[in-house]
Amino acid sequence: MYYYIFASPKSPAERAYFGRIRDIVREFGISGEMTQASPARSPEELAKMGLEKGNTTIIAVGSDTHVNKIVSQVVKEPPNFAFALGIVATEPNSLLYERWGFKKPDDACEMLKFRRLVKFDVGLIEPDHYFLTSARIECKKPTRINLEVDHWKATAIVNRVEISGNLYILLERFMKERSIIKSALNFLKGEVAAVADRSIFRGRIIRISSLELLPVYVGDEVVAKTPVNIYRKLNALNIITKRDKMVSRRD
Amino acid sequence: MAMKQQDVGTIVGSSVHLTGIIKDTSDIVIYGSVEGEIHSEQKIIIEESAFIKGPVNGGEVVISGTVVGTITAKNRLELNQNGTIKGNIDTAELLIHAGATFIGKSNMPDKKGTEKGIVHEGEFAAEVEEASEEKDEEKEEKEKDAS
């Protein structure tokens, strides 16, 4: 039985879009119970209810933040039966789009129909927040951070830290724009400064600390502040993925 | 920006100072400073801005920065123009460009695949016999000359 959890629509256009997704899944013959998150019912509560009802397939439809909330709930309190998670990411700049290898939500719905399951690792931010996409730390000014990963320690000056669910660590420091006019133009255009320095690591246990308290984001949500410990939970989740082209990104 | 996770190995950026052991099954590129061991079965590239203090162990090692420590390159070691090595090296193939600095000892296997200075027992015995025969001949010649 499929149990759909739609995100709370932010606009009439998004509401209509969700309606279209409902129609597509009906056409594919994979319709099921449809629920929608709201201020009264969070995605976590809906996911918990879906599993308590004995549904073996939970489908998260919405933004990366919405998907991560459901992932965190189902990994934190798993049922005593096997279940799978399907994902229909609806944001055009979704990280899941790239990772899952589909171009539009219609492809994602088609993917659900074929039901190819792959086990995925998820990241755990202490004490109990799980994430599938990535966790981020962003600072406007270059900031010194301390990293402790497996067998090594490092200090780095960064503008941005990104940690994926399987604990790939990306550190970036941006080029400082010397011209005030150019930096103002960049700000107005919404352009990001060029990357001056980039580091990439892999790990199993990561601890990040800094002199100032820096917020850790998963999607749009702040889930923790530094110092923070991040772990990898191996094969934590059965996820419905695309046939053939999909590859599990594990070490 | 999403990470293209399958393509990357380890990259230590220029603003990073790292202490400890780095191990990776894919390539490692260093721009910053590392105090500790570096291990990879693949390629290790030490860029011009990099400073390494500790042993480096890789399949292929390319050095443009500074390394203070022992380097073991299973297949090939290349020391570029601005590169500096202060330590011993052990490699199958060595390329040092003009302008590079190398202070230390190098150890390379000979073409047969045996290390220089180490000779198999059979060969060693044959060499000893040849040498003793030569010495005997020299002695006999000297005795003849003296008489």
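## A loop residue in chain A

Gly219(A) sits in the loop that links strand E12 (215–218) to strand E13 (221–225) of chain A. Helices (H or I, at least four residues) and strands (E, at least two) are DSSP runs, numbered from the N terminus. The model is a predicted one, in which local features need pLDDT of at least 70 and side-chain atom pairs count only at pLDDT 80 or more, while totals for chains, interfaces and linings use all residues. Residues are numbered from 1 along each chain as its sequence is written, and chains are lettered from A and ligands numbered from 1 in the order in which they are written.

Is Gly219(A) buried or exposed? Gly219(A) counts as buried because it has 20 C-beta neighbours inside 10 Å. The cut-offs are these: a residue is buried if 20 or more other C-beta atoms lie within 10 Å of its own, exposed if 12 or fewer, and partly exposed in between, with C-beta atoms placed from the backbone. Apart from neighbours within four places in sequence, Gly219(A) is in contact with Ser63(A), Asp64(A), Thr65(A) and Asn68(A). Contact means that the C-beta atoms of two residues, placed from the backbone, lie within 7 Å.

## Strands E3 and E4 of chain A

Strand E3 (residues 57–62) of chain A pairs with strand E4 in the parallel sense over 6 bridges. Two strands pair if DSSP finds at least two bridges between them. In this pairing, Thr57(A) stands opposite Ala84(A) in E4(A). Strand E4 (residues 84–89) of chain A is largely enclosed by the rest of the structure, because 5 of its 6 residues are buried.

E3(A), helix H3 (residues 64–76) of chain A and E4(A) form a right-handed β-α-β unit. A crossover is right-handed if, with the strands pointing away from the viewer, the path from the first strand over the helix to the second runs clockwise.

## Helix H5 and the residue after it

Which residues of H5(A) are buried? They are Ala108(A), Cys109(A), Met111(A) and Leu112(A). These residues lie on the same side of H5(A), because they cover an arc of only 155° around the axis. The arc is that of the directions from the helix axis to the C-beta atoms. The elements that cover them include helix H1 (12–27), E3, E4 and strand E14 (228–241) of chain A.

Arg115(A) lies in the loop between helix H5 (105–114) and strand E5 (116–125) of chain A. Just after H5(A), Arg115(A) has a positive phi of about 55°. With 13 C-beta neighbours inside 10 Å, Arg115(A) counts as partly exposed.

Chain B has 1 helix and 13 strands. Of its 147 residues, 24% count as buried.

The contact between the chains takes 22 residues from chain A and 19 residues from chain B. On the side of chain A that touches chain B, helix H4 (95–100), strand E8 (152–164), strand E9 (168–174) and strand E10 (195–202) each supply at least two residues. E8(A) gives the most, with 8 residues. By class, this side of chain A has 10 nonpolar, 4 polar and 8 charged residues. Here Ala, Val, Leu, Ile, Met, Phe, Trp, Tyr, Cys and Pro count as nonpolar, Asp, Glu, Lys and Arg as charged, and the others, Gly among them, as polar.

E8(A) also pairs with strand E2 (residues 16–24) of chain B, in the antiparallel sense over 5 bridges. There, Thr155(A) stands opposite His17(B) in E2(B).
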